[in-house]
Amino acid sequence: MNAIEKRIYDLHQLEPHLTAQSDLNEFWERSLKKAAEHPIEISMESITTTMEGVEAYRAAYRGFDETPIHGWYMIPRFVKREKYPAVVMYHGYQGSKLLPHIYAAWLMLGVAVFAVDTRGQSGETGNALVQNGGTTRGWMTANITDKENCYYKAIIIDAIRAVDWVAARPEIDSTNIGVAGGSQGGGLSLMTAILNKKTAYCIADIPNLCHMDFGILNSTGSLTEVADYVKRFPDQLDTVLETVSYFDIMNLADQLEAPVMMSVGLKDLVCMPETIFAAYNRIQAEKEIHVYPFSGHEISVEHTQKVLQYIKRRIAQ
């Protein structure tokens with residue numbers, strides 16, 4: 001066994017201590033029930049794109065609070081179907097849904113796409129989240145000591161509601177809705193697939209939101225915002241760690257029922273392999289992970305091809 005094989009073998013054996021609180025399941029049952037009590041309030045505006053045969057809309061729905069969550073909703077009408085399979089797509093941290101044409105490869109599979117913004121970041125979506133204190137920088141420490149109203153909860157509920165939005169569309173096959181994303185989007189995909197049972201499959205590339213205590217200590221990514229917060233307010237460490245435990249995929253991974261495809265780069269210092277495998281190893285559902293020993297925090301074009309092939313197999317079932 002060479003050093004690379006040994007590293008991968010060791011990662012597959014990781015079983016860190018869970019950080020779940022005793023009321024974790026009750027917390028999510030209550031939170032999802034409360035979210036479902038509010039109408040999604042669908043709005044759609046037809047737009048013109050460069051893609052022939054694609055029916056496209058600027059859409060918005062209500063997520064965690066009063067914030068309208070914006071997305072591109074696209075239907076590949078060049079493929080004649082009574083009901084279309086769909087994929088909901090989430091972007092990476094500080095990004096956005098960008099422009100419709102970047103989803104052409106997914107649409108070419110005959111899959112409807114709903115690509116959504118994450119609130120407050122670089123897209124068209126604002127953030128009406130009421131904050132009970134200041135933040136260090138970025139968005140992640142908004143209400144970080146309040147599990148009921150923190151930014152993590154808001155973006156996860158937003159992501160879950162996106163699947164509900166798509167499932168309600170009359171042209172969509174509600175039994176064949178997948179979720180996909182990388183980094184932040186990969187974490188949101190996993191959380192959505194765990195908590196929204198309408199999800200038929202999940203693609204989570206180099207996902208965050210995994211083994212978050214380890215990430216706060218070691219990651220060079222968005223969790224440095226949380227580390228900076230605790231550096232300023234060291235007396236809040238236990239409260240912060242308790243808050244993030246409710247949104248840590250590691251603590252919920254064994255509840256995933258949908259099949260999942262994941263990826264990891266062994267040189268990734270943002271979503272570190274230790275964090276990803278801490279979640280992956282606890283998944284009991286059908287799963288596969290693609291390990292790239294010399295990749296960092298990136299998704300290659302070769303891996304994107306594997307993602308498209310995975311979706312093609314899923315929609316054919």
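Student: Which residues line the second largest cavity?

Tutor: Met140, Tyr152, Asn208, Leu209, Met212, Ser222 and Leu223 line the second largest cavity, where a cavity is a set of points on a 1 Å grid over the protein atoms alone at which a 1.4 Å probe fits but cannot get out, and lining residues have an atom within 4 Å of a point. This is a predicted model, in which local features need pLDDT of at least 70 and side-chain atom pairs count only at pLDDT 80 or more, while totals for chains, interfaces and linings use all residues. Residues are numbered from 1 along each chain as its sequence is written, and side-chain values use heavy atoms, with hydrogens and water left out.

Student: How much space lies in that second largest cavity?

Tutor: The second largest cavity holds about 40 Å³, a volume being the space filled by probe spheres set on the points, which are joined across faces, edges and corners.

Student: What lines the largest cavity?

Tutor: Its lining includes Tyr61, Tyr90, Asp117, Arg119, Ile155, Asp158 and Leu188.

Student: Changing topic, at what angle do α2 and α4 pack?

Tutor: Helix α2 (residues 24–36) and α4 pack at an angle of about 60 degrees, with their axes 11 Å apart.

Student: Which residues of α2 and α4 meet there?

Tutor: Phe27, Trp28, Ser31, Leu32, Ala35 and Ala36 in α2 meet Lys153, Ile156, Ile157, Ile160 and Arg161 in α4, contact meaning heavy atoms within 4.5 Å.

Definitions and conventions: 1 Å grid on protein atoms, 1.4 Å probe; cavity = no way out; pocket = protein on both sides within 12 Å on 5 of 7 lines; lining within 4 Å. Axes fitted to C-alpha atoms, helices over the stretch in contact; angles between N-to-C directions. Helix = DSSP H or I, 4+ residues; strand = E, 2+ residues; numbered from the N terminus.
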